[in-house]
Amino acid sequence: MAVAFHDLVSPAGLKKLDDYLLSRSYITGYQASKDDVTVYAALPKAPSSEYVNVSRWYNHIDALLRISGVSAEGSGVTVEGFAPITEEAIATPPAADSKAAAEDDDDDDVDLFGEETEEEKKAAEERAAAVKASAKKKESGKSSVLLDVKPWDDETDMKKLEEAVRSIQMEGLLWGASKLVPVGYGIKKLQIMLTIVDDLVSVDNLIEEYLTVEPVNEHVQSCDIVAFNKI
């Protein structure tokens with residue numbers, strides 16, 4: 001059964017698509033297909049974050065197209081003014097009175113507001129949760145950070161200080177090269193590089209919740225961000 005969408009450039013059309021994707025991970029079926037690509041191509045730009053479900057779906061399809069592509073055929077979809085991305089499908093834009101046309105084609109189109117069984121809802125929710133969990137693990141943007149780590153005084157063991165800093169491990173954090181830089185009066189500070197996954201690690205939180213609290217603050221007096229660059 002084909003799915004039909006109309007006027008996706010309007011708030012009303014996006015709202016219908018958002019409602020449709022509330023309990024679905026993909027336009028049709030249980031994996032990304034050419035149906036998703038058809039609807040994706042019909043959207044002139046990334047949807048506003050107010051359309052939560054459309055935005056989540058759009059970002060997922062966008063990532064798939066950039067990383068691995070989409071090859072599954074799907075079940076068929078019709079979007080006003082756009083041809084489905086399938087070899088056999090024929091684009092049939094709805095007439096001006098699209099509402100009436102949709103009513104005449106009830107046998108071919110899915111009612112976007114039709115009732116779903118409890119089993120269908122549960123399965124859809126589980127798929128949505130799995131996609132959300134997977135999206136959290138994906139590395140989006142990365143940043144390179146240069147950090148100044150200052151000791152309490154000239155008696156601080158800088159080797160132990162660096163060991164304490166590098167002992168902090170978390171998903172999305174990678175420590176890099178380091179060196180000791182003289183500050184004055186026999187005191188040196190540690191300059192250390194780190195790479196972070198932006199969606200997983202906040203440098204401010206890293207400093208406030210890890211580098212300047214026990215037990216690391218036994219060696220570390222303060223930390224400053226020297227440079228922060230997107231990769």
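The following conversation goes through a predicted model of a protein.

Reader: What does the secondary structure of the protein come to?

Author: The protein has 7 helices and 6 strands. Along the sequence they are arranged in the pattern β-α-α-α-β-α-α-β-α-β-β-α-β.

Reader: And how much of the protein is buried?

Author: Of the 231 residues in the protein, 36% are buried. The accessible surface is about 13900 Å², and carbon and sulfur atoms account for 51% of that surface.

Reader: Which helix is mostly covered?

Author: Helix α2, residues 34–42, is mostly covered, with 8 of its 9 residues buried. Among the buried residues are Lys34, Asp35 and Asp36, as well as Val37 and Tyr40.

Reader: Where do Asp19 and Lys15 lie?

Author: Both residues lie in helix α1, 4 residues apart, which is about one turn of the helix. Asp19 is partly exposed, with a relative accessible area of 29%, and Lys15 is also partly exposed, at 43%.

Reader: What about Glu162, which residue does it form a salt bridge with?

Author: Glu162 forms a salt bridge with Arg166, and their closest N and O atoms are 2.9 Å apart. Both belong to helix α6 (residues 158–166), where 4 residues, about one turn, separate them. Glu162 has a relative accessible area of 21% and is partly exposed; Arg166 is partly exposed at 26%.

Reader: Which pair links distant parts of the chain?

Author: Lys230 and Asp198 form a salt bridge with their closest N and O atoms 3.0 Å apart. This pair links distant parts of the chain, since Lys230 is in strand β6 (residues 220–230) and Asp198 is in the loop between β5 (187–197) and α7 (203–211), 32 residues apart.

Reader: Is Lys230 buried or exposed?

Author: Lys230 counts as exposed because its relative accessibility is 61%, and exposed means over 50%. Asp198 is partly exposed, with 24%.

Reader: One last topic: which residues gather in a patch of negative charge?

Author: Glu118, Glu119, Glu125 and Glu126 gather in such a patch on the surface. Of these, Glu125 is found in helix α5 (residues 118–137), and Glu125 is exposed, with a relative accessible area of 53%.

Terms used. Residues are numbered from 1 along each chain as its sequence is written. This is a predicted model: local features need pLDDT of at least 70, side-chain atom pairs count only at pLDDT 80 or more; totals for chains, interfaces and linings use all residues. Side-chain values use heavy atoms; hydrogens and water are left out. Patches are made of residues with over 30% relative accessible area and no salt bridge: like charges are joined within 9 Å, nonpolar side chains (Val, Leu, Ile, Met, Phe, Trp, Tyr) within 5 Å. Accessible areas come from the Shrake-Rupley method with a 1.4 Å probe; for residues, only the protein chains shown count as cover. A salt bridge is a side-chain nitrogen of Lys or Arg within 4 Å of a carboxyl oxygen of Asp or Glu. Lys and Arg count as positive and Asp and Glu as negative; His and the chain ends are not counted. The place of a charge is taken as NZ of Lys, CZ of Arg, CG of Asp or CD of Glu. Helices (H or I, at least four residues) and strands (E, at least two) are DSSP runs, numbered from the N terminus. Buried means under 20% relative accessible area, exposed over 50%, partly exposed in between (1.4 Å probe, protein chains only).
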